[in-house]
Amino acid sequence: QVQLEESGGGLVQAGGSLRLSCTVSGRTILSFYVMGWYRQAPGKQRELVVTITSGGTTNYADFVKGRFTISRDNTKNTVYLQMNSLKPEDTAVYYCNARGGPSNPYDYWGQGTQVTVSS
């Protein structure tokens with residue numbers, strides 16, 4: 001059974017930093033076609049933050065370019081999201097995702113971790 005568990009959220013002042021972790025059990029992170037971070041603010045739809053393919057190609061949303069960085073530690077089976085220069089509009093629940101490709105579709109989500117940025 002595949003499980004994704006996020007951690008690292010919390011309350012931070014604007015301009016501060018947080019690092020989110022997504023630890024995976026039941027499957028190695030490199031076996032996923034793509035992994036990523038998404039977020040959902042109150043009253044808004046869930047949106048893409050960043051994805052990383054098994055080959056290491058990344059895709060960042062414009063609103064986080066230059067501020068957020070995705071990385072992974074294969075030995076810990078964990079994907080990270082380093083968030084710097086946080087803004088109040090970054091406040092949201094952040095979710096970790098892992099999914100398959102077109103020929104093998106699957107979709108796993110973590111339970112989410114709350115990030116709150118105060119002004």
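**A colleague's note on this predicted model**

1. Let's start with the disulfide count: there is 1 disulfide here. Please keep in mind that the model is predicted. The bond joins Cys22 to Cys96, whose sulfur atoms sit 2.0 Å apart.

2. Now for what this bond connects. The torsion about their S-S bond is about -80°, so the disulfide is left-handed.

3. In soluble globular proteins, nonpolar side chains tend to be buried together. In this model the largest nonpolar core has 31 residues, and the members with the most contacts inside it are Met35, Trp37, Leu81, Met83 and Tyr94. At least two residues of this core come from each of strand 3 (18-25), strand 4 (34-40), strand 5 (47-53), strand 7, strand 8, strand 9 and strand 11 (113-118).

4. Which residues is Met83 in contact with, leaving aside its neighbours within four places in sequence? The list is Gly16, Ser17, Leu18, Leu20, Arg67, Phe68, Tyr94 and Val115. Tyr94, one of these partners, is also among the core residues with the most contacts inside the core.

5. Is Thr113 buried or exposed? Its relative accessible area is 10%, under the 20% cut-off, so Thr113 counts as buried. Not counting residues up to four places away in sequence, Thr113 touches Glu6, Ser7, Gly8, Gly9, Leu20, Ala92, Val93 and Tyr94. With Gly9 there is a polar pairing to look at: a polar atom of the Thr113 side chain lies 3.2 Å from the backbone nitrogen of Gly9.

6. Asn77 is not a glycine, yet its phi is positive, near 50°. You will find Asn77 in the loop between strand 7 (68-73) and strand 8 (78-83). Its relative accessibility is 14%, so Asn77 counts as buried.

7. The other residue is Ser85, with a positive phi near 50° in a residue other than glycine. Ser85 is in the loop that runs between strand 8 and strand 9 (92-99). What is the relative accessible area of Ser85? The value is 42%, so Ser85 is partly exposed, whereas Asn77 is buried.

How values were computed:
Residues are numbered from 1 along each chain as its sequence is written. This is a predicted model: local features need pLDDT of at least 70, side-chain atom pairs count only at pLDDT 80 or more; totals for chains, interfaces and linings use all residues. Side-chain values use heavy atoms; hydrogens and water are left out. Helices (H or I, at least four residues) and strands (E, at least two) are DSSP runs, numbered from the N terminus. Buried means under 20% relative accessible area, exposed over 50%, partly exposed in between (1.4 Å probe, protein chains only). A nonpolar core is a set of buried Ala, Val, Leu, Ile, Met, Phe, Trp, Tyr and Cys residues joined through side-chain atoms within 4.5 Å. Contact means heavy atoms within 4.5 Å. A polar contact is a pair of N or O atoms within 3.5 Å; within protein, one must be able to donate a hydrogen and the other to accept it, and residues adjacent in sequence count only if both atoms are side-chain atoms. A disulfide is a pair of cysteine sulfur atoms within 2.5 Å.
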